[in-house]
Amino acid sequence: EEWGDPLSDASIWQAMLEYSPYESLRRVLYPALLLTVGLQDPRVPCTQALRFISRLRSRALNSDDDAPQLLHVRASGGHVADGGRFRRLEQLSMEFSFLIAAVNDAYSVTQSAAAAPSCSSK
């Protein structure tokens, strides 16, 4: 009732398609992405993340060297963090390491492009 019935109402079906991250993946350049999923998540099966990352990689115009799309599968835990503060700190350190590497790579590409000689004719 809350969302309506997409099988009987075409407008609801279209709205759900537009909202869906999986259905919205296009053939464009994507930034680096770290997708984390819990193997035992009762709300979102890990197969959903596998399908998403596979489709993203097949649709991305950039190579994995330019902007990696990574999937991290946690053996325990589910929809929320697991294992207390130390496990959460491990998770945060992995996320920050990825973020620093992604920003560093993007900065290096920008600096290389800025340092490249101009091809304008005079």
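Reply: Partly exposed means a relative accessible area between the buried limit, under 20%, and the exposed limit, over 50%. Glu90 has 47%, so Glu90 is partly exposed. Keep in mind that this is a predicted model.

Me: What does Glu90 form a salt bridge with?
Reply: Arg87. The closest N and O atoms are 3.0 Å apart. Both residues lie in helix H3, three residues apart, about one turn of the helix. Arg87 is partly exposed too, at 26%.

Me: How many salt bridges are in the whole structure?
Reply: Two. Arg55 and Glu23 also meet in one, at 4.0 Å, N to O.

Me: Where do Arg55 and Glu23 lie?
Reply: Arg55 is in helix H2, and Glu23 is in the loop between helix H1 and strand S1, so the pair ties together parts 32 residues apart in sequence. Arg55 counts as buried at 16%. Glu23 counts as partly exposed at 33%.

Me: New topic. Is Gln69 buried or exposed?
Reply: Buried, with a relative accessible area of 3%. Gln69 lies in strand S2. Its side chain reaches the backbone oxygen of Ala67 at 2.9 Å. Gln69 also touches residues including Tyr30, Ile53 and Asp64.

Me: And which residues make the nonpolar surface patch?
Reply: Phe96, Leu99, Ile100 and Val103, about 410 Å². Ile100 is exposed at 58% and lies in helix H3.

Me: Which element has the lowest mean pLDDT?
Reply: Helix H3, at 80. Helix H2 has the highest, 93. The chain averages 82.

Conventions:
Residues are numbered from 1 along each chain as its sequence is written. This is a predicted model: local features need pLDDT of at least 70, side-chain atom pairs count only at pLDDT 80 or more; totals for chains, interfaces and linings use all residues. Side-chain values use heavy atoms; hydrogens and water are left out. pLDDT is the predictor's confidence in each residue, from 0 to 100. Helices (H or I, at least four residues) and strands (E, at least two) are DSSP runs, numbered from the N terminus. Buried means under 20% relative accessible area, exposed over 50%, partly exposed in between (1.4 Å probe, protein chains only). A polar contact is a pair of N or O atoms within 3.5 Å; within protein, one must be able to donate a hydrogen and the other to accept it, and residues adjacent in sequence count only if both atoms are side-chain atoms. Contact means heavy atoms within 4.5 Å. Patches are made of residues with over 30% relative accessible area and no salt bridge: like charges are joined within 9 Å, nonpolar side chains (Val, Leu, Ile, Met, Phe, Trp, Tyr) within 5 Å. Accessible areas come from the Shrake-Rupley method with a 1.4 Å probe; for residues, only the protein chains shown count as cover. A salt bridge is a side-chain nitrogen of Lys or Arg within 4 Å of a carboxyl oxygen of Asp or Glu. Lists of a residue's contacts leave out its neighbours within four places in sequence.
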